[in-house]
Amino acid sequence: MQTSDIDTRIGTANTGSFSHGNTLPLTGVPFGMNYLSVQSVNEDTAWWFDPTEPQFTGIRLTHQPSPWINDFQHLQFLALTQAIAPNFEGDYRPQEATFAPDYLRLVEQTQGVTYEATNSTTGGALRFTASNDLTLRLTMPKRVTLVETTTHTLTLALQNFSACIDPDFTMWCTLRLPDAAEPATAQLADGQLDVALNTNQATIWFATSFISAAQATVNLNRLPASFEELRAADAAAWQAKFDLIAITDHHPQRVATFYHNLYRALLFPMQFYETTETGEAVHYDTTSRTVRPGKLFTNNGFWDTYKTAYPLYSLLLPTEYHSFLEGFLNSYRETGFLPRWLSPDERGMMPGTMVDAVIADAAVKQIGSELMPEFLTAMIHGAETVSDDVRYGREGLADYLKLGYVPAEIDESVNKTLDYAYSDWLISVVAGTLNDTTTQAKYAARSQNYRKLFDPAVGLMHPRLRDGEFTPDFDPLDWGSGYTEGSAWQNSFAVYQDLPGLIELTGGPRAFTAQLHRLVNQPSTYHVGTYRGVIHEMREMAALDFGQLAISNQPSFHLPYLFAVAGDAAGTQLTVKQLLLTAFNAGPTGYPGDEDNGSMSSWYLWSSLGLYPVTPGAGEYVLGIPFFDAVAIHLPNDKTLTITTTNNHNHMQFVGLRTFNGAELSNSISHNALAGGGTLASRLQLLPNPR
């Protein structure tokens, strides 16, 4: 698929009470440092774009990874042909606008201005065309300083961020203006700056830097000479990624949905380092408030992305994965702890230290092997060191070390216990790749702590008090308390490191699959529990109507594949195919819940290929049901993985025969096998194979 076929408005129809993705229509390059977007409203809100709203308030330079995190260092570009009020709201026709990964185009009706924009890693260009002379208005909320103006440039220092360790964290933005412009006369007032361009056709070039004003100029000088040349380079950056996967299928809308999800999967994490004039990578360390050498990345919540996005990068983009690892290691070096949720620095949100899975999955796939000794030290530090700052490390760690579980007196105790036990296993995995058998054995044993919260009376994980008793009045439909964004049904199966052990605790494969059938076949009801009110994840699970399988949120991502793990491959195939057919599309309502930094997009990509990384760190994929007639994946080692499907029709919901390079497969395949290339062939059929 071509870059121009992608409409970036996928998943953008949202409110604070219901999510179809909570995404933004972002234009830039994969994993860029800035993105451009259309802003619909002037309100101080994180929901500043509506795909159906014809209002237009400017082109926004943004770093927002999620409305729940909000933006930092943003500004708006607006072109005017006549004097207007400070809070201008113009009009455009969304159906006539172009929202592409590399290019934005719209016509603002009130002022009669045509906008075009394209955006590279650290800078971009905006082109305005009108019948009268133009004025450029820049709007920058909160703290902003006009640093410098020259004949054709101006430089701004912005300090408008939603949260940061450094209270003076700054982004510099340097703009190159047309020859006729008058930047020297520009006056900054109340966060707005008007610059007379004195022409009816103008191209504005801009570049940003988190290092210095001088570095912003370096970044600006690297941009191509023309708007068309920059747009072509940006389109080529996307096309190179899209061309890694070639799909042949007789369902064109499915193909479109796949590539729209691939676009979404390649936006985060965002680059947070720059290249100096002499070619060195440098970044701003908000902890020490100094510029340091090396790479850094931001805008990523590992609780979301470790499950799907990073395994995808391991197969398609191991070079980029290695760069990400370098950045995460620098985060550890500068804060003393591995990151949990970066935007721009540590937010400390969500339970667990799930970057551990990103590290271990890389280790078993031989990505960044030279970094693993230091990563192992960092992982152990997080597993053993009680942090004085709740943003870092494992919350409730003192109790976990003493009791073997996080007690119910601490919020989200079940999720934290299960995540910590999984991370303990991930430490053992990395230790194993380094032949540290002592550490491997210690943390492998500790990874069995999940057993302490399993309640055989209900077959689910049950919060446990410090005195060892399970909490009274257990209700598996209660949200909150010991569980994160869900109830016991969504959060009791996160035992990635020992699913055979969980199956055994539940009573064996037959009892376990019966529990999964209860999970999906009961009503999609919920009790608000300790949330004390309805949150959007509750509504989204109810709207999806797959029982308690809330594919609308990350804790449920692996649940459809547990049928196959327990020997019921047909249960996985039927459930996954129905989700693919009903829960996703390429439009503004494209997702059943928050997309979250590429995590849900990557779930769709994996599932439509017929594969799923149930246990990052294990180097294996559980087999589901493929969705396309033929897929060719061009691997980084110049080999090709081909996935073919016969009888690929909606009513064929089960896999009859599956082979890899001619040999019949059961329910899984290794990463090494896939990375070596070959042909994965499936034949679909109407009914499941007899058991």
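What volume does the largest pocket have? I get about 460 Å³ for the largest pocket, bearing in mind that this is a predicted model. I counted 25 residues lining the pocket, and the ones closest to its centre are N42, E43, D44, H74 and P141. Sorting that lining by class, I find twelve polar, seven nonpolar and six charged residues.

**Cavities**

I noted seven cavities of 30 Å³ or more in the structure.

The largest cavity comes out at about 140 Å³. I listed 19 residues in its lining, with S331, T335, L342, D345 and E346 nearest the centre. Which elements give two or more residues to that lining? I found β20 (281-285) and α6 (318-335). Of the elements, α6 gives the most, with three residues. By class, I have eleven nonpolar residues around the largest cavity, plus four polar and four charged.

I then turned to the second largest cavity, which holds about 90 Å³ of space. Two or more of the lining residues come from each of α10 (413-433) and α12 (488-491). My class tally for the second largest cavity is five nonpolar, three polar and two charged.

**Nonpolar cores**

Last, I looked at the packing. How many residues are in the largest nonpolar core? I get 198, and within that core I59, F77, L138 and L175 touch the most other members. The largest share of the core comes from α10, with eleven residues.

Leaving out residues up to four places away in sequence, I see L175 touching F77, L136, L138, H152, T153, L154, L156, I204, W205 and F206. Two of those partners, F77 and L138, are named alongside L175 among the residues that touch the most other core members.

I also found another core, lying apart from the largest one. I count nine residues in this other core, including A100, L220, L223 and L230.

Notes:
Residues numbered from 1 in each chain as written. Predicted model: local features only at pLDDT ≥ 70, side-chain atom pairs only at ≥ 80, totals over all residues. Heavy atoms only, no water. 1 Å grid on protein atoms, 1.4 Å probe; cavity = no way out; pocket = protein on both sides within 12 Å on 5 of 7 lines; lining within 4 Å. Points joined across faces, edges and corners; volume = space filled by probe spheres on them. Helix = DSSP H or I, 4+ residues; strand = E, 2+ residues; numbered from the N terminus. Nonpolar A, V, L, I, M, F, W, Y, C, P; charged D, E, K, R; others polar. Core = buried A, V, L, I, M, F, W, Y, C linked by side-chain atoms within 4.5 Å. Buried < 20%, exposed > 50% of the residue type's maximum accessible area, 1.4 Å probe, protein only. Contact = heavy atoms within 4.5 Å.
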